[in-house]
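Subject: Structure handover

Hello,

Here is the structure you are taking over. My notes on it follow below.

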Amino acid sequence: MTEPINLSASLEDYIEAISHIVDEKKVARGKDIANRLKVSRASVTEALRALSKKGLVNYEPYEV
C-alpha cells in the first residue's frame, strides 16, 4: 500500500491549474500556469520542481 502524498494548498492549486490547462491545450507551459494562477514564472518553476520530486508531474526545464 502506498503512502498518501501530502500537498500544501498552493501545490494543490498548481495541480488543478495544470489539469485544466492540459485539458484545454494538451500541454501545460510554465507561462500558462503563471498566467492562470497570477504568480511569477519563478514560483511556477519552484512548484513544478516540488511536484516533480513527488512524482506528480513530468517537469523538464526548457521543454514542452
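Helices (H or I, at least four residues) and strands (E, at least two) are DSSP runs, numbered from the N terminus. This is a predicted model, in which local features need pLDDT of at least 70 and side-chain atom pairs count only at pLDDT 80 or more, while totals for chains, interfaces and linings use all residues. Residues are numbered from 1 along each chain as its sequence is written, and side-chain values use heavy atoms, with hydrogens and water left out.

Helix H1: The buried residues here are Leu11, Tyr14, Ala17, Ile18 and Ile21, where buried means under 20% relative accessible area, exposed over 50%, and partly exposed in between (1.4 Å probe, protein chains only). Seen down the axis of H1, these buried residues fall within an arc of 115 degrees (taken from the directions from the helix axis to the C-beta atoms), so they line one face of the helix. Ala9, Asp23 and Glu24, on the other side of H1, are exposed. Just after H1, Lys26 has a positive phi of about 75 degrees.

Packing: The buried residues of H1 pack against helix H2 (30-37) and helix H3 (41-53). Contact means heavy atoms within 4.5 Å. Leaving aside neighbours within four places in sequence, Ala34 is in contact with Val39, Ser40, Arg41 and Val44.

Pocket: The lining of the largest pocket has 22 residues, and Gly30, Leu48, Tyr59, Glu60 and Glu63 lie nearest its centre. A pocket is an open set of points on a 1 Å grid over the protein atoms alone, where a 1.4 Å probe fits, with protein on both sides within 12 Å along at least five of seven lines; lining residues have an atom within 4 Å of a point. H1, H2 and H3 each supply at least two lining residues, and H3 gives the most, with 5 residues.

Regards
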